[in-house]
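I am opening a notebook on a structure that is new to me, and I want to write down what I looked up in the order I looked it up.

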Amino acid sequence: SMCLLVLASLAARCAGLRIPSAREVALEFIVKKTSASPGSRALEDTESFARLRDSRDRAFARMLTSTCLRRLGEIDGEIGQFYESPELLWWRRPAHSSQASRLTACVLRLGATQLRHCDGVVDRAAVHESVELAKRVGANAAVCNAVLRKLASRAPVESSPRLLASTWFE
């Protein structure tokens, strides 16, 4: 299935001799969690997380994934202002979607998480690192750059319980 191809691609990138970045580990986990495949493990149980040597990288990966998943409806709502994709409606995703569009949506989610919820990350750095991550994993870097720059230039949308729990109301 497409999910297995995406996960295999990300796992191959993270399992090489190179130590993955915290953002790559977070991306791999977000792709798993927003896919239809059952049995996603905890972040700490993944092989790529175990390869992170620095405790600060581990903490950053934990914070990124937990914040992104906890605020997924809100984040997808903000991204959806500038980028329309069925991938952002992950609970209603079409059966056939491209690997690049799934990765693009997940990179956008991580970038938006950094822009809106990571006080220690400068907006320019969040956009730059997200675009570089998109290039490394085969996502659409130009779309990531455009959407995240627009998002960074605008004030955050006020959070609502409906957006935070959007999957329960649909």
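**Entry 1: the whole chain**

I noted before anything else that this is a predicted model. I then looked up the secondary structure and found ten helices and zero strands in the protein chain, so that I wrote the pattern along the sequence as α-α-α-α-α-α-α-α-α-α. Of the 170 residues of the protein chain, I found that 45% count as buried. For the accessible surface I recorded about 8,700 Å², with 55% of that area belonging to carbon and sulfur atoms. I also looked at contacts between residues at least 6 apart in sequence, and 67% of these join residues at least 24 apart.

**Entry 2: H5 and H6**

How are H5 and H6 oriented to each other? I found that helix H5, residues 72-80, packs against helix H6, residues 99-117, at an angle of about 100°, and that their axes are 10 Å apart. Because angles of 65 to 115 degrees count as roughly perpendicular, I describe H5 and H6 as roughly perpendicular to each other. On the H5 side the contact is made by Leu72, Glu74, Ile75, Asp76, Glu78 and Ile79, and on the H6 side by Leu108, Arg109, Ala112, Thr113, Arg116 and His117. Sorting this contact by class, I wrote down five nonpolar, two polar and five charged residues.

**Entry 3: H6 and H8**

I next followed H6 to helix H8, residues 141-153, where the two axes come within 10 Å and cross at roughly 25°. That angle makes H6 roughly parallel to H8, and I recorded the crossing of H6 with H8 as right-handed. Thr104, Val107, Leu108, Gly111, Ala112, Leu115 and Arg116 are the H6 residues that I listed here, and they meet Val143, Cys144, Val147, Leu148, Leu151 and Ala152 of H8. By class, the contact of H6 with H8 holds ten nonpolar residues, two polar ones and one charged one.

**Entry 4: Val107**

Is Val107 buried or exposed? I found that Val107, which lies in helix H6, has 0% relative accessibility and therefore counts as buried. Leaving aside neighbours within four places in sequence, I listed the contacts of Val107 as Leu27, Ser130, Leu133, Ala134, Val137, Ala139 and Cys144. For one of these pairs I looked up the separation: Val107 and Ala139 are 32 residues apart in sequence, while their C-alpha atoms are 7.6 Å apart in space.

Conventions. Residues numbered from 1 in each chain as written. Predicted model: local features only at pLDDT ≥ 70, side-chain atom pairs only at ≥ 80, totals over all residues. Heavy atoms only, no water. Axes fitted to C-alpha atoms, helices over the stretch in contact; angles between N-to-C directions. Helix = DSSP H or I, 4+ residues; strand = E, 2+ residues; numbered from the N terminus. Parallel < 35°, antiparallel > 145°, perpendicular 65-115°, else oblique. Contact = heavy atoms within 4.5 Å. Nonpolar A, V, L, I, M, F, W, Y, C, P; charged D, E, K, R; others polar. Buried < 20%, exposed > 50% of the residue type's maximum accessible area, 1.4 Å probe, protein only. Areas by Shrake-Rupley, 256 points an atom, 1.4 Å probe, with all protein chains shown as cover. Left-handed = near helix turned anticlockwise from the far one by under 90°.
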